[in-house]
Amino acid sequence: MGKTIKLIKNRSDIGAGTRGSDLGIDAIEIAAINKNSDYFNQFEFEDVKTHNESIYDKNRSSSAKRIEHVVEQCTRVCNAVKKNIEGNYFPIVLSGDHSSALGTLSGIKAAYPQQNIGVFWIDAHADLHSPYTSPSGNVHGMPLSAALGDDNLSCQNNEVPAETQQHWEDMKNIGNKGPKVLAKNLIYFGVRDTEEEEDKQIEKLHIKNYKVDELRYRGLQKCVEEALSKLSHCEVLYISFDVDSMDCDMISYGTGTPVPKGFDQYEIIAIINQIIHTKKVVCIEFVEINPLLDTKGNKMAETAFEVLEAITAELIIPAE
């Protein structure tokens with residue numbers, strides 16, 4: 001690939017409803033130590049400054065909690081990703097909650113303003129809410145709505161204060177003004193826990209979701225091949241891996257919103273590595289590891305590290 005891997009560590013969990021995903025990066029590093037791996041000594045890294053103390057602030061908006069701080073955090077992530085891509089690095093972003101993905105995508109778009117960006121979203125959740133539709137107000141359920149620049153106003157449930165509306169507009173315009181990805185360039189893997197408002201968006205925007213059962217029935221390689229074909233016009237690709245895409249009963253409950261009947265780690269590795277083979281991937285992100293919720297010691301972080309090691313090997317030595 002001709003690029004040097006840079007680990008971008010974003011220990012922020014302010015977009016989540018449950019505290020603890022900010023500790024996910026340290027949990028992965030502990031998993032590496034316990035495995036006698038020197039992974040985290042092999043690569044340069046960058047720590048993104050965080051704003052986690054903002055969780056103690058009184059929420060000014062119930063429709064988008066701490067959104068002003070999430071905007072600030074996503075801007076920091078955007079700047080880090082853009083700078084490293086332009087410096088000929090391959091960023092592997094290790095983040096807390098999934099709101100960070102809006103920052104990562106904004107950084108990719110800022111680095112490639114004229115390119116079509118293809119997004120593979122490996123997750124149990126669609127993350128398609130906006131402040132106008134969110135039942136929880138947790139911004140980690142909104143990054144794709146912001147990236148698409150679509151508020152889903154036809155499904156509006158919430159009265160959104162003017163201040164929150166302005167922060168939301170700021171969030172949609174981080175890096176470059178306007179959408180970071182087109183709906184036709186977004187593909188889901190493993191989404192299985194959605195609300196009605198999101199289902200209507202998926203239908204309206206014709207977003208393809210490769211569910212776990214479909215992947216297993218039709219064959220993983222065939223489904224990923226088909227997905228890559230759908231995005232063959234995209235010059236650059238981004239992979240966002242939320243660990244809750246994996247089966248919580250089989251793997252671990254060490255994530256903010258665990259969902260059963262998901263993938264195992266070997267399926268995740270196979271999906272990501274097949275996408276890497278295109279040599280179009282410019283950034284990969286891991287999110288939502290929460291060791292405070294792990295009932296099996298550090299199992300979720302250990303499994304995430306297993307995935308991280310396997311996909312990094314593919315990045316360093318691309319398959320012929």
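The largest pocket in this predicted model holds about 280 Å³ of space. A pocket is an open set of points on a 1 Å grid over the protein atoms alone, with protein on both sides within 12 Å along at least five of seven lines. Its volume is the space filled by probe spheres set on the points, which are joined across faces, edges and corners. Because the model is predicted, local features need pLDDT of at least 70 and side-chain atom pairs pLDDT 80 or more, while totals for chains, interfaces and linings use all residues. Residues are numbered from 1 along each chain as its sequence is written, and side-chain values use heavy atoms, without hydrogens and water.

**The largest pocket**
- The lining divides into one nonpolar, nine polar and eight charged residues.

**Cavities**
- Two cavities of 30 Å³ or more turn up in the whole structure; in a cavity, a 1.4 Å probe fits but cannot get out.
- The largest cavity has a volume of about 40 Å³, and among the residues lining it are Asn-10, Ile-14, Cys-74 and Asp-97.
- Helix 3 (residues 67-86) gives the largest share of that lining, three residues.

**Around Leu-23**
- Look for Leu-23 in the loop between strand 1 (4-10) and helix 1 (24-34).
- Leu-23 is partly exposed, with a relative accessible area of 33% (buried is under 20%, exposed over 50%, partly exposed in between, with a 1.4 Å probe and protein chains only).

Technical notes. 1 Å grid on protein atoms, 1.4 Å probe; cavity = no way out; pocket = protein on both sides within 12 Å on 5 of 7 lines; lining within 4 Å. Nonpolar A, V, L, I, M, F, W, Y, C, P; charged D, E, K, R; others polar. Helix = DSSP H or I, 4+ residues; strand = E, 2+ residues; numbered from the N terminus.
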